[in-house]
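Biologist: Before using any label, I would like to see the definition behind it. Please go through them one at a time.

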Amino acid sequence: MVVRHVAVHDGRTFCHPGAPRVAEVTSSALQLSAQHPSASTLVLEAGINDLKFQQSEVLKQDFISLVDRLLDTGKRLIISGPLPPPRYGDVITSRPCG
C-alpha cells in the first residue's frame, strides 16, 4: 500500500493487508472514523484489486459512494485511487477510451 508510510499530523496509519476493494475500504474507514472521532483527516488508498474485474463504471460508482459516505463524517479526505499498470493500456477498463 502506498499510504502505509504517509504521516499526518496527530494521526495514526491503519493498513488493510491485501489491498481491499473500494466497498471494503468504505466500511473500514467509517468504522475507524467512528473509533477515532478526534482525527481530522482520513488518508485512504483503494481500488487496486477492483481493476482486475474490468468494470470501470462500477468502480467509478464505488468511489462516488466512498466519497459521499466519508464526506458525512466531516473529516478532510485524501484518497489515492488505482492507476492501471502500463502493460494493460486501456484494456483494463470496461468501456473504450476516446
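Modeller: What follows sets computed values against their cut-offs.
This is a predicted model, in which local features need pLDDT of at least 70, side-chain atom pairs count only at pLDDT 80 or more, and totals for chains, interfaces and linings use all residues. Residues are numbered from 1 along each chain as its sequence is written, and side-chain values use heavy atoms, with hydrogens and water left out.

Biologist: Why is Leu59 called buried?

Modeller: Buried means under 20% relative accessible area, exposed over 50%, and partly exposed in between (1.4 Å probe, protein chains only). Leu59 has 11% relative accessibility, so Leu59 counts as buried.

Biologist: What does Leu59 touch, beyond residues up to four places away in sequence?

Modeller: With contact taken as heavy atoms within 4.5 Å, Leu59 touches Val22, Gly47, Asp50, Leu51 and Pro82. Leu59 and Pro82 are 23 residues apart in sequence, with 10.0 Å from C-alpha to C-alpha.

Biologist: What makes the pair Lys60 and Glu57 a salt bridge?

Modeller: The term requires a side-chain nitrogen of Lys or Arg within 4 Å of a carboxyl oxygen of Asp or Glu. For Lys60 and Glu57 the N to O distance is 3.1 Å, so the pair meets that definition. The whole structure has one salt bridge.

Biologist: Why are Lys60 and Glu57 called partly exposed?

Modeller: The relative accessible area is 39% for Lys60 and 30% for Glu57. Both values lie between the two cut-offs, so both residues are partly exposed.
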